[in-house]
Amino acid sequence: MKNSVKLKGRMKSYLQSSLYLGFLLIAVDVLIYFIDYRAGLVLTCFIIFYLAIILSLMFYNKPIIVNELISFATQYGQIQRRLLRDLDLPHALLDESGKIIWTNIAFERAVNKDRGYRKSITSLFPSLTRDKLPGNTDENEIELEVDYEESNYLAKLKKISLKEMAENSDIIEAKGYDGYLIALYLFDETALRIALQEVDDQSLAVGLIYLDNYEEALESVEEVRRSLLIALIDRKVNKYIAALDGICKKMEKDKYLVVMRKKAITVLQENRFDLLEDVKTVNIGNEMAVTISIGVGLNGLSYAQNYEFARNAIDLALGRGGDQAVMKMPENVMYYGGKSQQVEKSTRVKARVKAHALKEIISIKDEIYVMGHRMGDTDSFGAAVGIYRIAKTLGKQAHIVLNDITASMQPMVEMFRNNGDYEDDMIVNSTQALEMIGNNAVLVVVDVNKPSITECPELLRHCKSIVVFDHHRQGSEVIENATLSYIEAYASSTCEMVSEILQYISDTLRIKSEEADCLYAGIMIDTNNFMTKTGVRTFEAAAFLRRSGADVTRVHKMFRDDAEEYKTKADAVSQAEIYRQSYAITICRGENVQSPTVIGAQAANELLNIKGVKASFVLTAYNGVIYVSARSIDEVNVQLVMERMGGGGHLNVAGCQLDGSLETGIATVKGTLDTMIEEGELS
């Protein structure tokens, strides 16, 4: 075996250098023969002796040298292997599938496994799945953060090709072989992450706390006891914040500024902002419980940005009806609470102020465009008609943007089409609006505050001046940079809000009977015939419309169901499943009706008449989309449920849209209810 080993390269040249010198001496000897043959003869004898010595040494020493080289290579390989085994850095070799084939001592110590552990790396680090390993991705080197028990590591994986080694092997024939191994190194970052987490926990978060119903609560208690009520609320808020090692400073009579560490926010989240409920326990005879709204800003690039986040968060909390906490971060917004109905404001000062502001905006514009949400309903169209009347009273051109006209809206739209009292371009579609709109136009958005579901989102980018009127609770997605925004979650409908504004625009404003019917219909439909979400101001708005020419009988006849629609609604109600003994879930199959989503909403209202039902969910398939109508009376906040599913709405009237089949949609609704019940959001 040793005889088959041959030297090559520089080692072979070095050992044969003496032989090459012998050949040089022979050449010199030939030259000397021409000078003196006796000297040449002497040199010839020396050369023969020299070559004999060199050849014998080469023949004798070659096996010894080869043995020494083999011994050195063996010892060198063992040293390398020993060094890798004793390396302080955890190191392992994996095969193509991720199975461990070799580990060093540090790796075995890190994962608490004995030598010879040969299972998949995924059994140790679940996040290191096969599809993430080099070779299954486009990269030959990757870095991933992994955890093992209480330790945190940065795992570096490198692909090591075996192609060249296999092709040069004397043992196997491996033409075209493209196998590889994966080298895994673990860098312990436990201490670093603990330090970073500690620094992050110590970063400051900014919060704002507002009393929602300060004036109303004070009015419900005797004057001599009002200062005591305020003092108890102050003590409750300050004591709660102090327990979290935070600072609370009262800015105004009903506003607090809070500064605390981010670690304290985690405690608030774990307790689900129980300060919201604690404040309600303050009672010294006041008929109305005090509620608060909390806005928290954190993870900003600066303290100023955190404060701006807190301001945005408190605006969201108030826009959603108050009695809740909102946390705003750069990447997302989180909501807590919001289970109680917002109290209706008795004063209409805000409506008057907004009316005057709207009048000022419209007065300096050339034309007004009004639009609601996609698949417009009676509330959005009625409110749009009210804004149209305001614009015409102020002598401005006005257009209502409307694309799809549902069967329920058809009677209302027909009152204005082919009517000599109204222009032909009163109602236009999105394409026409985009072609017609000028530089000096104002866009009024009604019954929606999410830009993505407006009738024409492109119009929002074309108009510099935007006005928003809505009664839905705000979500994370809002229309930004609005010149005027009037969002009141306590209002029954947008038609109610517009009806109030109409009374403050001008003394010369006169509403036509058709317009009064539309506004009245919007209030009637959104309140389910004045049965839900109605307050004093709702009936005052209805009375104003009645005086302006609204005919109650005419409106009721306009919205009667035909026989097929009634059967569809009755079928949906009869097939309802009572889930968890409290939630009615059913499907509205409206293949033979023009507006199945409207029938689904009506069926959801009907299901609330069943004893024990806290909330109802009706799923309707329409144009390839699953529409979910959610309704409740007072025990469940269906807005929170729908927000979990990508929608929104009110505390007791909400909805969302889903992709997939009806069966998948029902499973999604049930899964969402199960999750929220486990988290304590629902009972």
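## Exercises: a sheet, a buried aspartate and a cavity

Strand β6 (residues 204–211) pairs with strand β8 (residues 255–261) in the antiparallel sense, over seven bridges. Here strands are DSSP runs of E with at least two residues, helices are runs of H or I with at least four, and both are numbered from the N terminus; two strands pair if DSSP finds at least two bridges between them. The model is predicted, so local features need pLDDT of at least 70 and side-chain atom pairs count only at pLDDT 80 or more, while totals for chains, interfaces and linings use all residues. Residues are numbered from 1 along each chain as its sequence is written, and side-chain values use heavy atoms, with hydrogens and water left out.

**Exercise 1.** Work out which strands form the open sheet and in what order.

*Solution.* 
- Step 1: Start with the pair above; in it, leucine 208 stands opposite leucine 257 in β8.
- Step 2: Extend to six strands, which gives the order β7-β8-β6-β9-β10-β11 with mixed pairing.
- Step 3: Look at the edges. β7 (247–252) and β11 (333–337) each have a single partner strand, so one side of each has no neighbour in the sheet.

**Exercise 2.** Find the elements that helix α9 touches on the sheet.

*Solution.* 
- Step 1: Helix α9 (residues 262–270) then touches β6, β8, β9 (292–297), β10 (324–328) and β11.

**Exercise 3.** Decide whether aspartate 379 is buried or exposed.

*Solution.* 
- Step 1: Locate aspartate 379 in helix α13 (residues 378–393).
- Step 2: Recall the cut-offs: buried is under 20% relative accessible area, exposed is over 50%, and partly exposed lies in between (1.4 Å probe, protein chains only).
- Step 3: Aspartate 379 has a relative accessible area of 0%, so this residue is buried.
- Step 4: Look around it: not counting residues up to four places away in sequence, aspartate 379 touches Asp447, His471, Ser493, Thr494, Cys495, Gly522 and Asp526.

**Exercise 4.** Describe the lining of the largest cavity by residue class.

*Solution.* 
- Step 1: On a 1 Å grid over the protein atoms alone, a cavity is a set of points where a 1.4 Å probe fits but cannot get out, and lining residues have an atom within 4 Å of a point.
- Step 2: Among the lining residues are Leu208, Tyr240, Val258 and Ile294.
- Step 3: Strand β6 gives the largest share, three residues.
- Step 4: Sort by class: Ala, Val, Leu, Ile, Met, Phe, Trp, Tyr, Cys and Pro are nonpolar, Asp, Glu, Lys and Arg are charged, and the others, Gly among them, are polar.
- Step 5: The lining has 11 nonpolar residues, one polar and no charged.

Terms used: Contact means heavy atoms within 4.5 Å. Axes are lines fitted to C-alpha atoms, for helices over the stretch in contact, and angles run from 0 to 180 degrees between N-to-C directions. On a 1 Å grid over the protein atoms alone, a cavity is a set of points where a 1.4 Å probe fits but cannot get out, and a pocket is an open set with protein on both sides within 12 Å along at least five of seven lines; lining residues have an atom within 4 Å of a point.
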